[in-house]
Amino acid sequence: MKAVGIIAEYDPFHAGHAWQIAQAKRMGARAVAVCMSGDLVQRGSAALLPPWVRAQAALLSGADLVIELPNPWACLSAEGFAAAGVALLSALPGLDTLVFGAEVPDTEAMLSAARILTGPCYAQALSKELSQGLSFAAARAAAVKSLAPGIGGLLDAPNNNLGVEYCKAILNQKSRLRPFAIGRRGADHGQTTPGEKGFASASFIREKWKAEGTGPLAEYLPPQALALYRQNQDQVLDRKAFETAVLSRLRAMTTDELGKTRGTKEGLENLLANTLRSACTLEEVYAGMKSKRYAHARLRRYVLDAALGYTDDLPKLPPYLHILAANPVGLGLLKEAELPADTSLARLEKQSEAAKLAVLAHCGGADLAALCRTKPQPMGQSYTRVPFIINE
């Protein structure tokens with residue numbers, strides 16, 4: 001590998017992420033480009049810290065370029081999240097490899113699973129499993145197991161599952177990127193206890209930070225990142241404020257408006273509208289909508305999409321490269337980029353109608369998150385925030 005891409009949330013950036021970047025460089029990568037979620041994340045919430053803080057932490061800890069995965073795609077399911085990230089990194093001609101963490105780092109097995117998911121027999125197998133009343137994720141895993149028992153188990157682990165989606169996106173998009181799985185080190189995804197010495201999951205770090213501040217986190221964070229986080233303590237997400245902001249938007253919407261939300265089917269908008277009549281917390285909303293058909297994470301994403309007015313009118317894939325942080329090596333990766341690339345969203349939104357729609361939707365999510373920081377921020381910071389660029 002000569003230059004690699006990584007797709008990540010970095011919520012927040014921690015020692016395991018720094019280890020992955022360093023590992024890629026030890027294997028020969030001269031440059032690492034990261035496609036990082038913006039203000040929103042896959043679990044249907046806002047990130048702990050704003051994107052410019054997380055991007056700077058990544059650059060100071062080994063990355064060479066950080067581009068933003070715009071908010072409408074950052075809060076999609078694994079399939080949509082992976083497809084968007086692969087599309088953006090594939091627009092950088094200098095990259096040859098997509099590196100990602102996995103519980104079982106068997107790249108060939110993941111490619112085999114991806115070929116099944118894109119093959120002619122999968123749809124029928126999935127339909128059969130869904131008819132049993134399984135959630136989509138469970139039905140998907142069961143369908144692959146029925147077609148290839150030896151590799152179907154890969155989909156039982158979250159990072160393996162995401163890795164298969166990366167492989168699938170590479171195949172579907174005929175990307176030049178080659179997938180390369182690296183074994184996760186230190187702690188499992190979502191692990192609520194520390195892992196090996198010096199490593200912990202992002203979930204553990206977020207909860208520890210909420211309960212005790214940054215004091216106990218020094219062993220789990222690169223020094224540069226820890227210093228940066230301490231400087232930006234007033235930008236930490238206020239979860240209660242976020243919950244109130246989302247609920248207030250939802251309560252003001254009609255059922256018809258909810259029905260325009262992307263992914264609406266089988267009366268989801270009616271279920272949400274009915275649940276909102278009595279729910280006073282987001283957890284009560286999710287609990288009121290819960291069924292075997294829809295996983296909790298799916299409902300969280302749907303609720304956030306509804307609050308932000310994200311509809312199927314949005315482009316299928318992000319139409320631009322928004323640069324959050326870069327050094328000279330990273331800036332070199334932008335040469336001959338196959339999508340418009342800029343540090344300015346104001347300039348990017350002028351590139352096309354699709355870009356305008358994407359930027360407006362992105363900024364809606366950013367402005368919601370900005371209002372819900374420990375120290376609330378004004379609107380429009382996605383346009384005005386200066387990127388972190390190292391020129392020497």
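Biologist: Which element gives the largest share of the lining of the second largest pocket?

Modeller: Helix α9 does, with 5 residues. Helices here are DSSP runs of H or I with at least four residues, strands are runs of E with at least two, and both are numbered from the N terminus. At least two lining residues each come from β4 (45-46), α9 (202-212), α11 (239-251) and α14 (282-289). The model is predicted: local features need pLDDT of at least 70 and side-chain atom pairs count only at pLDDT 80 or more, while totals for chains, interfaces and linings use all residues. Residues are numbered from 1 along each chain as its sequence is written, and side-chain values use heavy atoms, with hydrogens and water left out.

Biologist: What makes a set of points a pocket and not a cavity?

Modeller: On a 1 Å grid over the protein atoms alone, a cavity is a set of points where a 1.4 Å probe fits but cannot get out, whereas a pocket is an open set with protein on both sides within 12 Å along at least five of seven lines. A residue belongs to the lining if it has an atom within 4 Å of a point. The second largest pocket has 20 such residues, with Arg43, Ser45, Glu207, Arg239 and Arg300 nearest its centre. Its volume is about 420 Å³, a volume being the space filled by probe spheres set on the points, which are joined across faces, edges and corners.

Biologist: How many residues of each class does the lining of the second largest pocket have?

Modeller: There are 7 nonpolar, 4 polar and 9 charged residues. Charged means Asp, Glu, Lys and Arg; nonpolar means Ala, Val, Leu, Ile, Met, Phe, Trp, Tyr, Cys and Pro; the others, Gly among them, are polar.

Biologist: Why is the pair of Phe204 and Tyr220 called edge-to-face?

Modeller: Rings of Phe, Tyr and Trp (its six-membered ring) pair if their centres lie within 6.5 Å; planes under 30 degrees apart are stacked, over 60 edge-to-face, and the rest tilted. The centres of Phe204 and Tyr220 are 5.6 Å apart and their planes stand at 85°, so the pair is edge-to-face. Phe204 is in α9 and Tyr220 in the loop between α9 and α10 (223-231), so the contact ties together parts 16 residues apart in sequence.

Biologist: What makes strand β1 mostly covered?

Modeller: In β1 (residues 3-8), 6 of 6 residues are buried. Ala3, Gly5 and Ile7 lie on one side, Val4, Ile6 and Ala8 on the other, and all are buried. In a regular strand, side chains alternate between the two faces of the sheet.

Biologist: How do you know that β1 and strand β2 pair?

Modeller: Pairing needs at least two DSSP bridges between two strands. β1 and β2 (residues 31-37) have 6, in the parallel sense, and Ile7 stands opposite Cys35 in β2. β1 also pairs in the parallel sense with β6 (residues 97-102), over 2 bridges.

Biologist: Why is Glu336 called exposed?

Modeller: The relative accessible area of Glu336 is 71%, so the residue is exposed. Glu336 is in the loop between α16 (328-333) and β9 (341-342), and has a positive phi of about 60° although it is not a glycine.

Methods. Buried < 20%, exposed > 50% of the residue type's maximum accessible area, 1.4 Å probe, protein only.
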